[in-house]
Amino acid sequence: IFSMASEIIAAADAGFQNIWSLQSCIDTLYEFGSEEQRQKYIPRICAGETMSMDLTEPDAGSDSAAVRTTAVRKGDSYVINGTKMFITNASLASVFLVVATLDPSKGSKGLATFIVEKDRPGVTVGKKIEKIGMRLSNTAEVIFDNVEIPAFNLIGTEEGGFANAMMVLTASRPIIAASSLGACQLARDLAIQYSKERIAFGKPICAKQMIQEKIANMEMLIQAGRGLVYNATMLLDQGKPCNKEASIAKCFVTEAYGKITDDALQIFGGYGLCDEYLISKLYRDSRVNRIIEGTNEIQRVVIAKSLLR
């Protein structure tokens with residue numbers, strides 16, 4: 001259902017869908033949080049507060065285990081120091097889920113996830129990062145300077161941070177694919193409408209076989225992508241392993257998004273290059289989705305390792 005909703009919302013604006021879908025971080029509290037944490041934070045999020053997942057850093061993107069933000073135990077508290085980068089909803093969120101390392105020498109096994117409220121001393125949200133696409137989606141840097149939080153704010157165990165982060169990424173990849181799917185349908189519809197209105201050589205350009213081929217290819221990619229998205233999300237719903245399927249859906253559909261918006265812009269011709277036409281926005285937005293939630297190169301690594309294992 002969440003993937004279907006993402007598809008519908010993204011057909012209106014993928015940037016807004018990106019803001020909305022980050023509320024799925026609440027699953028981390030459901031799955032790994034204590035009952036006390038659920039009682040304290042989930043009602044706040046359901047009442048309208050916004051969450052943010054703080055994993056990516058200036059030098060830790062695809063390599064999630066390379067996180068350098070530290071958490072040091074201090075009696076009944078933890079002190080967090082570090083910088084997070086490209087954080088969605090950073091300027092809007094009141095609650096951050098921060099992945100930090102307790103022991104850098106342990107790599108991924110030294111990571112833990114913490115709840116950090118935005119109003120704690122030492123938390124600073126940088127200015128919004130201006131991107132070429134998904135401009136409605138808020139993205140910013142977050143700095144933690146000697147931020148002290150109670151031990152109560154540790155989610156799960158001190159060794160569970162990497163598993164928490166991977167669960168979020170596995171669940172979010174089909175959602176990124178579903179969002180891309182919605183935007184693909186909008187791009188297809190815009191291209192069809194314009195091809196009927198644009199007259200060239202005495203006929204609407206939709207009468208040209210080369211235009212028809214582009215439109216047919218769009219629909220084939222959309223139909224194939226929908227099957228991949230629903231397969232991955234069905235496995236998620238059933239609690240079955242789906243790392244490979246989630247990566248396939250994310251990789252295939254986000255690349256289809258790029259192909260469909262590129263062909264749609266080509267149908268628009270020179271007008272497709274103008275900001276006043278929505279297709280130019282969709283073209284720019286499409287480039288973002290091949291990077292976020294794990295680059296498509298990383299998706300191929302996940303798929304290949306699954307097959308070779």
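**The α6 and α7 pair**

Modeller: Helix α6 passes α7 in a left-handed crossing, meaning that the near helix is turned anticlockwise from the far one by less than a right angle, clockwise being right-handed. Before going on: this is a predicted model, so local features need pLDDT of at least 70 and side-chain atom pairs count only at pLDDT 80 or more, while totals for chains, interfaces and linings use all residues. Residues are numbered from 1 along each chain as its sequence is written, and side-chain values use heavy atoms, with hydrogens and water left out.

Back to the pair. α6 covers residues 209-237, and its axis lies 9 Å from that of α7, at an angle of about 160°; axes here are lines fitted to C-alpha atoms over the stretch in contact, with angles from 0 to 180 degrees between N-to-C directions. The two helices are therefore roughly antiparallel (over 145 degrees; under 35 is roughly parallel, 65 to 115 roughly perpendicular, the rest oblique). Sorted by class, their contact holds 19 nonpolar, three polar and four charged residues. Nonpolar here means Ala, Val, Leu, Ile, Met, Phe, Trp, Tyr, Cys and Pro, charged means Asp, Glu, Lys and Arg, and the others, Gly among them, are polar.

α7 itself, residues 243-268, has 26 residues and should span 38 Å at 1.5 Å a residue, which agrees with the 38 Å between its end C-alpha atoms. That expected span is 1.5 Å times one less than the number of residues. Helices are DSSP runs of H or I with at least four residues, strands are runs of E with at least two, and both are numbered from the N terminus.

Leu278 is 13 residues from Leu265 in sequence, and their C-alpha atoms are 9.7 Å apart. At 39% relative accessibility, Leu278 is partly exposed, between buried (under 20% relative accessible area) and exposed (over 50%), with a 1.4 Å probe and protein chains only.

Phe86, in strand β3 (residues 77-88), has phi near 55° and is exposed at 52%. Met134, in the loop between β6 (123-128) and β7 (139-150), has phi of about 50° but is buried, at 2%.
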